[in-house]
Amino acid sequence: MVNGTRVDLKIEPRVTLLDAVRNRADLTGNKRVCDRGTCGACTMIVDGRTVYACSTLAIEVQGKQIRTVDGLSTGAALHPVQQAFCDVDALMCGFCTPASSSRPSPCSRNIRTPRARRSVVGSTANICRCGTFVRIMEAALKAKGVARG
């Protein structure tokens, strides 16, 4: 199940989740950047946990709920994290944005304390180096109604 839709693919056991979703299911929101599981641009949510799709085999997630950045929104309504990214201008070049907007989604449920805020920072550890980290952090906090400060 990818973004709530059943996807049946016939692929070899060595095919990564990223390749299966991008090349076979034609959902291209998540990107291949480093291809080593370090940059996070390929991040997907599998059964509520984030994974690097470039280093996860598709066969490992068979039968699980997969959510890509393409599936965060509901119809025309953006996910609160996506909307917060727009509201605070936390957008980047497009390679890291899918991962940055996906990672805080399941990880930022309880970010009302300083310790929890640090965990959100940890969940976006491989952030793009384009200089928008402060805005990304602000977007993650805004998505959960936490005032900056």
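This is a predicted model: local features need pLDDT of at least 70, side-chain atom pairs count only at pLDDT 80 or more; totals for chains, interfaces and linings use all residues.

Modeller: Residues are numbered from 1 along each chain as its sequence is written, and side-chain values use heavy atoms, with hydrogens and water left out.

Biologist: What pattern does the chain follow along the sequence?

Modeller: Helices (H or I, at least four residues) and strands (E, at least two) are DSSP runs, numbered from the N terminus. The chain has six helices and three strands. Along the sequence, their pattern is α-β-β-β-α-α-α-α-α.

Biologist: What percentage of the residues of the chain count as buried?

Modeller: A residue is buried under 20% relative accessible area, exposed over 50%, and partly exposed in between (1.4 Å probe, protein chains only). Accessible areas come from the Shrake-Rupley method with a 1.4 Å probe, and for residues only the protein chains shown count as cover. The surface of the chain comes to about 8,300 Å², with 49% belonging to carbon and sulfur atoms. Of the 149 residues, the buried share is 42%.

Biologist: Which residues of helix α6 are buried?

Modeller: In soluble globular proteins, nonpolar side chains tend to be buried together. Helix α6 covers residues 133–143. Its buried residues are I136, M137, A139, A140, L141 and A143.

Biologist: Is R135 buried or partly exposed?

Modeller: R135 is found in helix α6. Leaving aside neighbours within four places in sequence, R135 is in contact with V88, D89 and A90. Because its relative accessibility is 39%, R135 counts as partly exposed.

Biologist: Which residues does P13 touch, not counting those up to four places away in sequence?

Modeller: P13 is found in the segment before α1 and is exposed, with a relative accessible area of 54%. P13 and L57 are 44 residues apart in sequence, yet 7.3 Å apart in space, C-alpha to C-alpha. The residues that P13 touches are L57 and I59.

Biologist: Which residues lie nearest the centre of the largest pocket?

Modeller: On a 1 Å grid over the protein atoms alone, a pocket is an open set of points with protein on both sides within 12 Å along at least five of seven lines, and lining residues have an atom within 4 Å of a point. About 450 Å³ of space lies in the largest pocket, where grid points are joined across faces, edges and corners and a volume is the space filled by probe spheres set on the points. The lining divides into 14 nonpolar, two polar and five charged residues, where Ala, Val, Leu, Ile, Met, Phe, Trp, Tyr, Cys and Pro count as nonpolar, Asp, Glu, Lys and Arg as charged, and the others, Gly among them, as polar. Of the 21 lining residues, those nearest the centre are V7, L9, A58, Q62 and G63.

Biologist: What is the phi of D26?

Modeller: Most residues other than glycine have a negative phi, and most peptide bonds are trans. D26 lies in the loop between α1 and β1 and is exposed, with a relative accessible area of 61%. Although D26 is not a glycine, its phi is positive, at about 60 degrees.

Biologist: What is the phi of N3?

Modeller: The place of N3 is in the segment before α1. At 25% relative accessibility, N3 counts as partly exposed. N3 is not a glycine, but its phi is positive, at about 55 degrees.

Key: On a 1 Å grid over the protein atoms alone, a cavity is a set of points where a 1.4 Å probe fits but cannot get out, and a pocket is an open set with protein on both sides within 12 Å along at least five of seven lines; lining residues have an atom within 4 Å of a point. Contact means heavy atoms within 4.5 Å.
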